[in-house]
Amino acid sequence: MSNRLISGSAVALVTPFHEDGSVDYEALRRLVRFHREAGTDIVLPCGTTGESPTLTNEEEAEIIRVVCEEAGESMMVAAGAGNNDTRHAVELARNAEKAGARAILSVAPYYNKPSQEGYYQHFRRVAESVSIPVIIYNVPGRTGSNVSAQTILRLARDIGNVLAVKEASDNFEQIMTLIDERPENFSVMTGEDGLMLPFMALGGDGVISVAANQAPKVVKGLIDAMKAGNLEEARAINRKYRKLFRLNFIESNPVPVKYALSLMGMVEEVYRLPLVPMAEANKAILRDELQKLGLI
């Protein structure tokens with residue numbers, strides 16, 4: 001019987017801002033309540049979908065504290081706490097734990113392109129700096145290089161609190177290796193909404209999702225259907241929402257999903273540079289799909 005702590009539907013939460021660029025904590029609380037009511041399993045603030053590169057250490061700590069307060073005991077809070085400077089990543093991880101996070105998501109160092117041994121030592125140092133679970137975030141399309149399955153599995157076997165990976169790639173050979181060769185308590189989560197169905201069919205544990213910002217019940221429904229073996233139900237959900245999953249990346253994440261949330265009355269359409277609003281043509285395409293799905 002599985003004893004994996006991290007599973008199900010997790011939302012990579014956006015960070016709402018006021019027009020002046022400050023964090024909108026009232027909207028943040030509204031978002032967390034939205035997910036609590038929808039049955040989301042894990043809420044993840046301060047990840048890259050939350051525009052973490054633009055947040056100060058103090059803002060991240062306060063965002064995590066507010067999310068934990070609003071989530072209560074109903075949802076796990078797993079906070080983003082990654083950086084391409086190992087010392088800074090350690091500092092963020094410790095801050096997240098102090099702020100109340102029950103796990104952290106640590107992105108693979110970007111731009112530096114370390115060796116596999118460099119990745120191993122980076123994540124080892126981060127994990128040893130905290131007592132809470134660590135989720136490795138492998139996103140080659142953003143970081144420019146891949147943390148191999150062998151390195152992830154080595155970390156999972158060697159370090160007791162490395163308990164999951166968010167595998168945001170379409171490398172199914174790597175995904176299958178992770179699922180088939182992992183320790184019993186290690187979770188493999190997808191970071192690709194469009195791959196939820198085949199990923200779960202291979203034995204994955206769930207998703208850390210962008211689309212869950214807009215449609216948390218839908219994403220949870222798909223994951224739960226696959227867990228229960230209800231393939232036809234999952235296929236129907238996937239077929240209906242597949243275009244939305246794709247349109248959330250018509251421009252750089254989180255710009256499309258934040259625009260959608262603004263149409264839903266959840267947040268203001270405000271980003272921190274270098275992110276800017278979507279092109280009007282792309283807004284029209286996304287708005288049309290949201291209307292077809294009844295989300296606005």
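Author: We start with a definition: two strands pair if DSSP finds at least two bridges between them. Keep in mind that this is a predicted model.

Reader: How many bridges join strand E5 to E6?

Author: Strand E5 covers residues 134–138, and E6 covers residues 162–167. The two strands run parallel. The number of bridges joining E5 to E6 is five.

Reader: In what sense do E6 and strand E7 pair, parallel or antiparallel?

Author: Strand E7 is made of residues 187–190, and four bridges link E6 to E7. Within this pairing, Lys 166 stands opposite Met 189 in E7. The sense of the pairing is parallel.

Reader: How many residues of strand E6 are buried?

Author: Buried means under 20% relative accessible area. Strand E6 is mostly covered. Of the six residues in E6, the number buried is six.

Reader: Which residues does UniProt list for "binding site"?

Author: The listing comes from an unreviewed UniProt entry. The listed residues span 160 residues in sequence, yet no two of their C-alpha atoms are more than 10.6 Å apart, so they gather at one spot. One of these residues is in the lining of the largest cavity, namely Thr 49. The residues that UniProt lists are Thr 49 and Ile 208.

Reader: Is Thr 49 buried or exposed?

Author: Thr 49 sits in the loop between strand E2 (42–44) and helix H2 (57–71). Beyond residues up to four places away in sequence, Thr 49 touches several others, including Leu 13, Val 210, Asn 253 and Pro 254. The relative accessibility of Thr 49 is 4%, and the limit for buried is under 20%. Thr 49 therefore counts as buried.

Reader: In which strand does Ile 208 lie, and what is its relative accessibility?

Author: Ile 208 belongs to strand E8, residues 206–209. Leaving aside neighbours within four places in sequence, Ile 208 is in contact with residues including Leu 44, Ile 135, Lys 166 and Met 189. Ile 208 counts as buried because its relative accessibility is 2%.

Reader: Which residues touch the most other members of the largest nonpolar core?

Author: The largest nonpolar core has 87 residues. Ile 104, for example, touches Ala 79, Val 126, Ile 132 and Ile 135, among others, not counting residues up to four places away in sequence. A second, separate core has 18 residues, with Ala 10, Met 76, Ala 103 and Val 107 among them. In the largest core, the residues that touch the most other members are Leu 13, Ile 64, Val 67, Ile 104 and Leu 286.

Reader: What is the phi of Cys 46?

Author: Most residues other than glycine have a negative phi. Cys 46 lies in the loop between E2 and H2. Its phi is positive, although Cys 46 is a residue other than glycine, and the value is near 65°.

Reader: Is Lys 113 buried or exposed?

Author: Lys 113 also has a positive phi, of about 55°, although it is not a glycine. Lys 113 is placed in the loop between strand E4 (103–107) and helix H4 (116–128). With a relative accessibility of 53%, Lys 113 counts as exposed.

Reader: What is omega for the cis peptide bond that joins Asn 253 and Pro 254?

Author: Most peptide bonds are trans. Pro 254 is in the loop between helix H10 (231–247) and helix H11 (255–263). The bond joining Asn 253 and Pro 254 is cis, with omega about 10°.

Reader: What is omega for the peptide bond from Leu 273 to Pro 274?

Author: Pro 274 is found in the loop between H11 and helix H12 (280–292). The bond from Leu 273 to Pro 274 is cis, and its omega is near 20°.

Terms used: Residues numbered from 1 in each chain as written. Predicted model: local features only at pLDDT ≥ 70, side-chain atom pairs only at ≥ 80, totals over all residues. Heavy atoms only, no water. Core = buried A, V, L, I, M, F, W, Y, C linked by side-chain atoms within 4.5 Å. Buried < 20%, exposed > 50% of the residue type's maximum accessible area, 1.4 Å probe, protein only. Contact = heavy atoms within 4.5 Å. UniProt positions renumbered as here; feature names shortened; annotations may be inferred. 1 Å grid on protein atoms, 1.4 Å probe; cavity = no way out; pocket = protein on both sides within 12 Å on 5 of 7 lines; lining within 4 Å.
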